[in-house]
Amino acid sequence: MTVMGTPTSEAIPARVVQEVVQESRRDLRRRQRLQDEDAPVGFKRSRWSQLLVLIALAAIAFYSIAPVWWLIVSSTKSGADLYNSNGLWFSEFTLWENLEQIASYKGGIFLRWMWNSIFYATVTAAVTTVISIAAGYGLSRFVFRGQKLGMAIVIGSFLIPGALLTVPLYVLFANLGLLNTPWAVLLPGFISAFNVYLAKVYVDGAVPEELLEAARLDGAGEFRIFVSIVMRLMLTGGATIFLLSFVGSWNGFFLPLTMLRGQEQWTLSLGLYSWLQTRADQTVDLTSLTITGALLSTIPLVIFMVAMSRYWRTGVTLGAVK
């Protein structure tokens with residue numbers, strides 16, 4: 001039976017339909033095989049490899065997020081709920097009570113530790129950034145006798161663990177009368193061999209030699225070139241060095257533990273550690289206060305990360321040369 005000269009679906013044998021479908025499938029597999037053969041080796045499609053990558057990324061994400069989630073949840077609990085409730089979910093919400101206790105405990109000593117940490121980390125990061133950029137610029141753009149030896153000393157220096165230098169620094173500062181003063185924590189952080197090497201690498205890529213020569217031909221001195229040109233081109237590198245130095249000083253523990261004695265001079269990490277060792281007091285549960293203080297201690301790091309991110313975005317192409 002036909003309609004307007006065209007065979008209806010009932011006139012097409014089922015065997016012909018199956019052959020057409022099978023041929024279409026074979027053609028699709030043939031095209032897929034040709035695409036895989038033409039693609040580079042590193043970009044060939046593999047469902048198993050994609051699945052393994054997704055599993056690995058999910059595991060890394062869980063490993064990174066789970067402790068933060070536990071910290072947030074635990075900061076909202078009382079001392080009793082910390083031990084009697086699910087560790088990954090909320091119970092009775094007592095965050096505001098914990099904040100009031102941590103602000104009033106021992107006359108607000110936690111706020112003093114917070115200020116000490118901000119002061120130590122900010123001053124250390126600022127001075128380290130300027131010194132590192134200046135030293136890295138000198139190693140990268142100046143030729144002098146012993147340049148290779150100096151670079152080898154810099155590389156070898158940041159391979160030495162900082163903990164090994166704590167005892168010599170303690171003896172040195174004891175002889176200078178600087179123990180239990182802010183200088184005992186600040187001075188060791190001003191010089192960082194790793195940051196000098198990092199600045200040298202940034203200068204190699206971000207500060208063109210032609211621009212420096214043009215500035216010298218125009219009569220600019222070396223100090224003006226460094227301040228007006230190098231420092232501006234090193235915004236991205238400087239932001240990286242500043243953030244690394246800030247985080248390193250903020251999380252520093254062994255150096256303040258060795259150099260500082262009175263609680264008024266302690267940092268957050270040292271103060272929270274003392275609370276964790278005490279654990280119990282006649283008036284408050286120091287375990288819940290320690291967890292709440294640990295949550296508060298992450299806030300400045302988040303603020304600095306967000307504030308410095310704009311320098312990474314705007315400084316990526318500053319060293320480009322047409």
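1. Buried means under 20% relative accessible area, exposed means over 50%, and partly exposed lies in between, using a 1.4 Å probe and protein chains only. By that scale D204 is partly exposed, with a relative accessible area of 37%.

2. The model is predicted, so local features need pLDDT of at least 70 and side-chain atom pairs count only at pLDDT 80 or more, while totals for chains, interfaces and linings use all residues. Residues are numbered from 1 along each chain as its sequence is written, and side-chain values use heavy atoms, with hydrogens and water left out.

3. Seven salt bridges are present in the structure, a salt bridge being a side-chain nitrogen of Lys or Arg within 4 Å of a carboxyl oxygen of Asp or Glu. Side chains of opposite charge can pair when their charged atoms come close.

4. One of these joins R141 to D204, at 3.9 Å from N to O. It links distant parts of the chain, 63 residues apart: R141 is in helix α5 (residues 109–141) and D204 in helix α9 (residues 193–206). Helices are DSSP runs of H or I with at least four residues, numbered from the N terminus. R141 counts as buried, at 17% relative accessibility.

5. D204 also pairs with K200, where the closest N and O atoms are 3.1 Å apart. Both K200 and D204 lie in helix α9, four residues apart, about one turn of the helix.

6. R216 and E209 form a salt bridge of 3.9 Å, N to O. R216 is partly exposed at 24% relative accessibility, and E209 is partly exposed at 30%.

7. A network of salt bridges links R141, K200, D204, E209, E213, R216 and E222.

How values were computed:
Helix = DSSP H or I, 4+ residues; strand = E, 2+ residues; numbered from the N terminus.
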